[in-house]
Amino acid sequence: MAFTRATGKHRARSRMSRGSVRVAGAATLTATGVISTLAASPALAADTDVAAAQTGLTQALVINDSLAGTIDAQADAQRRAAAEAKARAAAKAEAARKAEARAQEIRAEKERAARTAERERLNAFQLPIAGSYVTTGYRAGGSLWSSGSHSGVDFRAASGTSVVAVGTGTVVEAGWGGSYGNNIVLRMSDGTYTQYGHLSSIGVAVGQSVTPGQRIGLSGATGNATGPHLHFEARTGPDYGSDIDPVAYLRAHGVNV
């Protein structure tokens with residue numbers, strides 16, 4: 001039995017429509033069949049990896065890993081450099097601290113040495129006339145002395161020769177002393193007293209402090225004197241009559257008389 005197409009009810013597809021269907025079918029095959037086959041085949045998957053590499057994705061990952069490694073290396077280098085710089089700064093600061101501590105020690109040593117030297121100088125005794133010697137000894141007898149004997153010693157000295165303090169002391173008398181002429185009496189640092197008589201001039205005042213070797217006046221022949229010289233006495237007190245042997249006194253203080 002033959003079938004006939006009803007007129008006006010079903011139109012045959014045009015050539016263009018049939019072509020479109022074929023294209024769509026091919027696209028479907030491509031999407032479902034070919035790609036599925038590629039995914040299922042190891043060889044084709046490998047080819048796909050190669051293709052992916054060729055697209056630059058793997059290269060980008062390699063570059064990113066390399067860049068990250070470079071950044072890490074730079075960071076490590078910076079940390080090491082910072083640690084080294086900190087260590088150098090600490091070492092420099094420690095060296096400076098030690099140098100300053102040593103400088104302070106040296107200054108302290110010098111100050112101690114200076115103080116020691118000053119104490120030694122202040123405690124030192126010397127002759128009242130530099131380079132002189134005794135011409136009339138202690139307790140020498142004769143009519144020249146009202147007490148009948150010499151209460152001190154005489155040092156040879158031309159008029160105007162410098163007379164110095166034999167040690168550290170304070171002036172308790174400076175002026176005219178009767179038979180002593182112009183005289184000076186010092187209270188020494190050890191509590192004893194020394195007297196300097198027959199001076200031509202006086203260079204200190206009562207209450208003034210003096211040090212060993214400091215000039216206090218000039219020698220002369222004032223008072224009861226037959227010629228220029230220095231009359232020197234050592235005493236236990238400031239007044240006449242408390243005299244002790246001046247030579248023994250000076251020698252006890254380290255002076256070579």
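Which residue takes a positive phi in the hairpin of β5 and β6? Select Gly191: its phi is near 95°, and the hairpin has four residues between the strands.

Before you click further, some ground rules. This is a predicted model, so local features need pLDDT of at least 70 and side-chain atom pairs count only at pLDDT 80 or more, while totals for chains, interfaces and linings use all residues. Residues are numbered from 1 along each chain as its sequence is written, and side-chain values use heavy atoms, with hydrogens and water left out.

**Stop 1: the whole protein**

Show everything as a cartoon. Walking from the N terminus, the order is α-α-α-β-β-β-β-β-β-β-β-β-β-α. Of the 257 residues, 24% are buried, where buried means under 20% relative accessible area, exposed over 50% and partly exposed in between, with a 1.4 Å probe and protein chains only.

Now for contacts, meaning heavy atoms within 4.5 Å. Among those between residues at least 6 apart in sequence, 58% join residues at least 24 apart.

**Stop 2: strand β6**

Select residues 193-202. This is β6, and seven of its 10 residues are buried. It has several pairing partners to look at; two strands pair if DSSP finds at least two bridges between them.

- β5 (residues 182-188) runs antiparallel to β6, joined by five bridges. Pick Val185 and you will see Gln195 of β6 opposite.
- β9 (residues 229-235) also pairs with β6 in the antiparallel sense, over five bridges. Here Tyr193 has Arg235 as its bridge partner.
- β8 (residues 215-219) is antiparallel to β6 too, with three bridges. Leu199 stands opposite Ser219.

While you have side chains on, remember that in a regular strand they alternate between the two faces of the sheet.

**Stop 3: the aromatic rings**

How many aromatic pairs does a search of the whole structure find? Three. Rings of Phe, Tyr and Trp (its six-membered ring) pair if their centres lie within 6.5 Å; planes under 30 degrees apart count as stacked, over 60 as edge-to-face and the rest as tilted.

Zoom in on Phe125 and Tyr249. Their ring centres are 5.9 Å apart and the planes sit at 80°, so this pair is edge-to-face. Phe125 is in the loop between α3 (57-123) and β1 (134-136), and Tyr249 is in helix α4 (residues 246-252), so the pair ties together parts 124 residues apart in sequence. Both Phe125 and Tyr249 are buried.

Next, select Phe155 and Phe232, another edge-to-face pair, at 6.2 Å centre to centre with 65° between the planes. Phe155 belongs to strand β2 (residues 153-156) and Phe232 to β9, so this pair links parts 77 residues apart in sequence. Phe155 and Phe232 are both buried.

**Stop 4: the core**

A nonpolar core is a set of buried Ala, Val, Leu, Ile, Met, Phe, Trp, Tyr and Cys residues joined through side-chain atoms within 4.5 Å. The largest one has 25 residues, and those touching the most other members are Phe155, Ile184, Leu186, Tyr196, Ile216 and Leu250. At least two residues of this core come from each of β2, β5, β6, β9 and α4.

Finish on Leu186. Leaving aside neighbours within four places in sequence, its contacts include Ala165, Val171, Tyr193, Tyr196, Val210 and Ile216.
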